[in-house]
Amino acid sequence: MRAYPTCGDEIRQIRRISLDVDPSKLRINNTGYDHRFAKEDHNANLPLDRLSELVEDGTLGSLAEETLVLMGLQPNVGPLIRETVPEVVASFKADDVEAALLVPSGPVCHQTESLSARGLEEAGIPTALVSDMPGLSRVARPARHVMRRRKSGAAGGRRPADRSLRALH
C-alpha cells in the first residue's frame with residue numbers, strides 16, 4: 001500500500017499554467033494516482049489541446065489565458081472549502097471566467113474537484129466535472145457531471161491525441 005501525504009492544514013497548491021506552455025515542461029507532483037497516461041499525453045489530465053480545438057472550430061468562444069491547476073490530493077477538506085475555493089472563485093471572477101471544466105485524476109482528486117465545483121457553482125460560475133470515478137464524484141453532488149469510462153488518471157483522454165473529450169459537447 002502506498003502512503004499518501006497527510007497534507008495537514010497547510011495551504012493547498014494552486015498553479016497557473018499559460019495556454020501556450022511547452023508540454024515538456026509540465027510535471028505531476030500528485031502521488032495519489034498512476035501517471036502513465038499523462039506521461040504519454042498531457043491532455044489525459046490537462047486537456048488544453050482538446051479545449052483549444054473546440055475554440056478553433058467555434059464550439060467554445062474562448063479560453064482564459066491561463067488555466068488554474070489545483071492539487072487534488074487534499075484529504076483535509078476544511079482548508080479547501082474555507083480558503084482554496086474562495087481564492088479560485090476570486091481569481092476566476094477577476095479573469096471574467098464564465099465557466100469551468102474540472103478534470104480530476106485520482107480518488108482524492110475527485111472529492112477535491114467535486115467540492116470545488118460546488119463552490120464555483122454557488123458563486124455563479126457554471127462547471128462541468130469530467131469523472132472516471134463516478135462513485136467518488138457523486139458524493140459531493142457536482143452540478144454537471146460527465147462520466148467517462150477511462151482508467152484512473154485519464155479523465156481527459158487516454159491515448160496521445162485522444163479526441164474523445166470532444167464528445168462532451
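Tutor: Let's look at what covers the buried residues of α3: the cover includes β1 (14–18), β2, β3 and α4. Contact here means heavy atoms within 4.5 Å, and buried means under 20% relative accessible area, exposed over 50%, partly exposed in between (1.4 Å probe, protein chains only). Helices (H or I, at least four residues) and strands (E, at least two) are DSSP runs, numbered from the N terminus. This is a predicted model, in which local features need pLDDT of at least 70 and side-chain atom pairs count only at pLDDT 80 or more, while totals for chains, interfaces and linings use all residues. Residues are numbered from 1 along each chain as its sequence is written, and side-chain values use heavy atoms, with hydrogens and water left out.

The residues of α3 that are buried are G78, P79, L80, T84, V85, V88, V89, S91 and F92. From first C-alpha to last, the 18 residues of α3 reach 24 Å, close to the 26 Å expected at 1.5 Å a residue; the expected span is 1.5 Å times one less than the number of residues. Along the way, α3 has a kink of about 35° at T84, shortly before the proline P86. The bend at a residue is the angle between axes fitted to the seven residues ending there and the seven starting there. After α3 comes D96, with a positive phi near 55°.

Leaving aside neighbours within four places in sequence, F92 is in contact with L68, V97, A100, L120 and I125. F92 is also among the residues with the most contacts inside the largest nonpolar core, together with L80, A100, L102 and L120; this core has 14 residues. At least two of its residues come from each of α3, β3 and α4, and α3 gives the largest share, five residues. A nonpolar core is a set of buried Ala, Val, Leu, Ile, Met, Phe, Trp, Tyr and Cys residues joined through side-chain atoms within 4.5 Å.

Finally, turn to the partner helix α4. Its buried residues, including L115 and L120, pack against β2 (66–70), α3 (77–94), β3 (100–102), β4 (127–131) and α5 (134–138). With 16 residues (107–122), α4 should span 22 Å at 1.5 Å a residue, and its end C-alpha atoms are 23 Å apart, which agrees. Just after α4, G124 has a positive phi of about 90°.
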